[in-house]
Amino acid sequence: MANMNFGDDPSCGIKKKVLHASRAELPTFPDGTKVTFLYSTRLCNDEHTVIDDNRKDGKPMELIFGKKFKLEAWETCLKSMRPREVASFVVDPSLIGAYPMVAKSLRDIRKGKAHSNHHCCGMSIKEHGLGYSDLDDLMQKPQPLEFILELLTVDEPGQYKKEAWAMDIDEKLSAIPNLRQEGNCLYIKKDYRGAAEKYGEALGILEQLALREKPGDEDFIKLDMMKIPFLLNYAQCKLCLEDFYPVIEHTTEVLNREPGNVKALFRRAKAHVGAWNPKEARDDFEQVMRLDSSLAKAVSNEIRNLDKLEREKLNQDKLLLEGKMF
């Protein structure tokens, strides 16, 4: 089908081309409408380089209109679509300045990160980047992008159950203790994966709430400190699952906030043993003993076990060198 520009002004910045038409009615999209859709993001170069494609994940993107989504251009594009329609939208860079940040968040979620490790303030981005070289390039050199969107479902307000990201502030604050209780119940049942999901969901909500505050302000600090029990619980679940690197990551976040947190040190030490970082494990165990003498016996047992593992590893290495392992 022919290209079309949005509105009467051809300079509006969005050019649409329908790739697969739909006979469904065009929805009205009142505020609160939830849509699910698939998206592919391509550079406007000769190769049409794909930089993001959620069709590979098998999980559609969800968006609720009226919730001030950072990428308003997507809302504009989707409101022109019918269910089951597929369309291409070439969007001017002036309308998609937030895309690198949005794409970073979506990529992090796909990688299974419970939450962002760094608050994306201007100085942090300038010093560390976004963690993705192609998104850093877009930040430095804005350019038009092509979005291939496929609108899957449209649910008007009242036709669906709200998810955490769609809640207002009061609803999010109320959900946090409930998620902790649900996670604790699952942990008692030894459903460590289910419990980790609940703790991770709570961390995501706290991260969303913190983004509304100015770093360093009282409310920001309060929300940031509320993450500590969830970080610890999430780490404990991962430790039970022998998934050691997330344990190290999340306990380190706790220790960045509370350097003397004994639970974080002990769990990180055990994770370092599992990931076979014996020096780091020993350092953490020794610090636990200095901070809490009541744990001296438990820590001594852990250090003896570490000594045993190191001896076994040394013997194995010797045998390998002597060619006696095979």
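Cys12 is partly exposed, because its relative accessible area is 29%. The cut-offs are these: buried is under 20% relative accessible area, exposed is over 50%, and partly exposed lies in between, with a 1.4 Å probe and protein chains only. What we are looking at is a predicted model, where local features need pLDDT of at least 70, side-chain atom pairs count only at pLDDT 80 or more, and totals for chains, interfaces and linings use all residues. Residues are numbered from 1 along each chain as its sequence is written, and side-chain values use heavy atoms, with hydrogens and water left out.

How many disulfides does a search of the whole structure find? The search finds 0, a disulfide being a pair of cysteine sulfur atoms within 2.5 Å. Cys12 is in no disulfide, and the nearest cysteine sulfur, that of Cys77, is 9.4 Å away. Cys185 is partly exposed as well, at a relative accessible area of 38%.

Next, Glu201. This residue sits in helix 6, residues 192–210; helices are DSSP runs of H or I, at least four residues, numbered from the N terminus. Glu201 has 34% relative accessibility and so counts as partly exposed. Together with Glu163, Asp191 and Glu197, Glu201 forms a negative surface patch. Patch residues have over 30% relative accessible area and no salt bridge, and like charges are joined within 9 Å. A salt bridge is a side-chain nitrogen of Lys or Arg within 4 Å of a carboxyl oxygen of Asp or Glu.

Last, Ser300. Helix 11, residues 296–322, contains Ser300, which is partly exposed at 23% relative accessible area. From Ser300 to Phe285 is 15 residues in sequence and 8.4 Å in space, C-alpha to C-alpha.

Methods
Helix = DSSP H or I, 4+ residues; strand = E, 2+ residues; numbered from the N terminus. Patch = residues over 30% accessible without salt bridge, like charges linked within 9 Å, V, L, I, M, F, W, Y side chains within 5 Å. Areas by Shrake-Rupley, 256 points an atom, 1.4 Å probe, with all protein chains shown as cover. Lys, Arg positive; Asp, Glu negative; His and termini not counted. Charge placed at Lys NZ, Arg CZ, Asp CG, Glu CD.
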